[in-house]
Amino acid sequence: MTDRLKPKHQRLVLVIIALVALIGAGLLAAWALRNQASYFYVPSDIAADPPEAGRAVRLGGMVEEGSLTTAADGVTVRFVVGDGEARVPVVFAGIVPDLFVEGSGVVAEGSMGADGTFLATNLLAKHDENYMPRELEDMNMAQARATVAETAE
Amino acid sequence: MIAELGLAALWLAAALSALQLLAAIAGVRAQGSAIAALVRPAAAVQALLCAIAFLALLYVFASTDLSVALVAANSHSDKPLIFKLAGAWGNHEGSMLLWVSVMALAGGLIAIVERRLPERTMLATLGAQSFVSLGFYAFLLFSSNPFERLDPAPLQGNGLNPLLQDIGLAFHPPTLYFGYVGLSVAFSFAVGALVTRQVTPEFARVMRPWVLGAWIFLTLGITAGSFWAYYELGWGGWWFWDPVENASLMPWLAATALLHSASVLAARDALRTWTIMLGVVAFSMSMIGTFLVRSGILTSVHAFAVDPERGSFILALLAIYIGGALVLFALRANTVAEGERFALLSREGALVVNNVALSSILGIVLLGTLYPLLTEAFDLRVSVGPPYFNPVGAMFFLPMLVVLAIGPLLRWRRDSFARVRWQVLAVLGLAGVVLLAVWLVTQIKLLPLLGIALAAAVALGSLLPLRGRDLGRLPLPVWGMVISHFGIAVALFGMAADSAFQEERLVAAGVGETVAVGPWQARVTAIVPTAGPNWTAMEAQMAFAYDGGAPRLAAPQARQFWSPPQETSEVALITRWNGQLYVAVGNEVENERWQLRLWWKPFVTFIWYGGVLIALGGVLALIGRVAGDLRRRAAVRLIEERRADEANAGFPLARDRA
């Protein structure tokens, strides 16, 4: 990259530097994505092959009827998420979304604790008609069909 | 009637755009073709027609004309006027009309004011601009007609998403769109220069104010969006690495790189093909952003309607424009002659590092944003968040900051380390001292620690170019650079300090109880119901004392809107010079206690101050460049007049004498 190099060579050197950096960034990104992406689980996935404790994952399912309790501090909630095949207990400290109720779908972000409880750091519930976590779209399909059938009758 | 007028104006504008494209092609192919004279007027009239269409849309929203489907679906007669107007672009069709209007405005402006480039390059540029516009006119008219009528008209509209009923809606989307679409001008200039193979410093000087303008708007739009999400969502965060945020960050990264490489091209005639490439990439990122946000492929408050047809339409436009530009680039890049050479240790060398690092970060953000979409094709659902973006991005961002602190001290072409030795040592020494001092006192995590140390180094490094200069005579663009770089340091300090030192409390409290968070004591004095024009709320009236001082009053609310039904959190913010207290109220728990979430966020406000400083630097540079250009034009005119006078008076021409 000095003046002794011919013009053609400097352009080549610059192109090589840029390519090396970009390919490096790409490889780094690919490696990090494999390790850092947070995978989506339903309770039966967790029963079959639980993620290692502490790894960031997301858990989606239905909040079981009668499972929702609030601790004495008023901000810690416990509930059970099920998908009809398996059940996972969840604990969450925070302000729950408005449409988070028993029997509704939920996506919990967090990680598995050592004791098999899911430690949620964030809850995503259906917000309104237009704003819904993607994972809930499929889950509520059955419900949606039922509602449509009801309305049609 | 007004709606039909708007629609007619749009069709007419689309037809003019087609005419502009054909005339430009004819003009580029045959020098001096008469039809080429139509290109500039066509672009100017298009801007006028789009302005009419946009005003028509504002009118139907302001008057809540419910026979227009878009108004019925998104507005409500009870809404305050400012949200009726802002609601015009708070939906898919309206926002696409805004996009097209801004694009026509930009095209009209370059057609009217830009006369420095060879006419053939300008024709190619305006042709490219009309080619891009044409696609978006088609998208608007065939799949997203904002003026569609509804028969019979409903009695009342659906209203606007309450999250959007905020003054932020009036500013955030138009600012971002000015930025996104402003980059289309850079794209058109790049394509125009490729077509005529005239990649010159003059080309960079002509393109630079446009990139600068778009970049200022993007910077402001991102800053405003971040602050809006911060106080509107009630989650206490200012950046979530949400795909929608990334969609605005990616064009900004590309535009920042383009700004710097255009400077090299303008000043030193180097990095020719690279600048062209970035011009193509920057607008491609705008379009990818629009695709991600508007196609419904992502779910967020920004994805208004999930309509696969629209998604495929935008995807087709993307493929045509990005693919076409890249093919043209591949065919022509080799024929662009090599620019000037430079040594590794030089201003150009530092700017190459800046460009490579910014492009790498862009790649990292792009991969992280698209990865969930790719895996979904294999039925694997993942989400990518801060654990990926923060460390991987930092690996390129932090070294880039070191170069940012030193680069502006270097001379163009070649420099010697001995000349800048003491300044470099001062910058690195300050970073080392701050790093050690902060680590010894607080033992915070690595990334915030590096962030604070580098913020100090960048702050010092950004001011060093002022040393030994006569501040009164410093050109505005240099002030712009200094202030923008200093803004980076300020914003970085805010980000690092907030993530390192923020304190959070989550409690359930009743009237009379006191909650401590950081240096604050917060007391609940009352919890009362309250109401607004289209909502009701529970309001927690609270008194906040900092470090035992006099209490300040604030009242966070949990709001319940009824059209459409939705709850939002109206947080209380108490700002001091050294940070912000952030309070959100949640749901009621038994025995009249309410959930409260409090954050003490030291220096968080510096993030947005920094963003504003960065944009302010851009504004100064833009004023400096435009003023310089006007002076140059005036000087050229004066010289020409003198020459004409001399020739008339029979004197020899000035250049013959020389």
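A search of the whole structure, a predicted model, finds 1 cavity of 30 Å³ or more. The largest cavity holds about 50 Å³ of space. Its lining is drawn from chain B and consists of Gln20(B), Ala43(B), Gln46(B), Met103(B), Ala104(B), Gly107(B), Gly108(B), Leu126(B), Gln129(B), Ser130(B) and Ser133(B). Three helices of chain B each give at least two residues to this lining: H2 (39-62), H5 (92-113) and H6 (119-143). By class, the lining has 7 polar and 4 nonpolar residues.

Chain A supplies at least two residues from helix H1 (7-36). In chain B, helix H9 (243-268), helix H10 (272-294), helix H11 (308-332) and helix H12 (347-377) each supply at least two. H10(B) gives the most, with 10 residues. In the lining of the second largest pocket, 28 residues are nonpolar, 8 are polar and 4 are charged.

The axes of H7(B) and H9(B) lie 11 Å apart, and the two helices pack at an angle of about 45°. H7(B) and H9(B) are therefore oblique to each other. Their crossing is left-handed. On the H7(B) side, the contact involves Leu176(B), Tyr180(B), Leu183(B) and Ala186(B). These residues meet Ala247(B), Ser248(B), Pro251(B), Ala255(B) and Leu258(B) of H9(B). The contact residues comprise 8 nonpolar and 1 polar, with no charged residue.

Helix H13 (residues 386-406) and helix H15 (residues 446-463) of chain B have axes that come within 9 Å and cross at roughly 20°. Because of this angle, H13(B) is roughly parallel to H15(B). H13(B) passes H15(B) in a left-handed crossing. From H13(B), the contact draws on Asn390(B), Pro391(B), Ala394(B), Leu398(B), Leu401(B), Val402(B), Leu404(B) and Ala405(B). From H15(B) come Leu447(B), Leu450(B), Leu454(B), Ala457(B), Val458(B) and Gly461(B). The contact of H13(B) with H15(B) has 12 nonpolar residues, 2 polar residues and no charged ones.

Most peptide bonds are trans, and most residues other than glycine have a negative phi. The peptide bond from Asp151(B) to Pro152(B), however, is cis, with omega near 0°. Pro152(B) is placed in the loop between H6 and helix H7 (168-196) of chain B. Helix H6 (119-143) of chain B also supplies at least two residues to the lining of the largest cavity. Arg197(B) has a positive phi of about 60°, although this residue is not a glycine. Arg197(B) sits in the loop between H7 and helix H8 (201-233) of chain B.

Technical notes
Residues are numbered from 1 along each chain as its sequence is written. Chains are lettered from A and ligands numbered from 1 in the order in which they are written. This is a predicted model: local features need pLDDT of at least 70, side-chain atom pairs count only at pLDDT 80 or more; totals for chains, interfaces and linings use all residues. Side-chain values use heavy atoms; hydrogens and water are left out. On a 1 Å grid over the protein atoms alone, a cavity is a set of points where a 1.4 Å probe fits but cannot get out, and a pocket is an open set with protein on both sides within 12 Å along at least five of seven lines; lining residues have an atom within 4 Å of a point. Grid points are joined across faces, edges and corners, and a volume is the space filled by probe spheres set on the points. Helices (H or I, at least four residues) and strands (E, at least two) are DSSP runs, numbered from the N terminus. Ala, Val, Leu, Ile, Met, Phe, Trp, Tyr, Cys and Pro count as nonpolar, Asp, Glu, Lys and Arg as charged, and the others, Gly among them, as polar. Axes are lines fitted to C-alpha atoms, for helices over the stretch in contact, and angles run from 0 to 180 degrees between N-to-C directions. Angles under 35 degrees count as roughly parallel, over 145 as roughly antiparallel, 65 to 115 as roughly perpendicular and the rest as oblique. A crossing is left-handed if the near helix is turned anticlockwise from the far one by less than a right angle, and right-handed if clockwise. Contact means heavy atoms within 4.5 Å.
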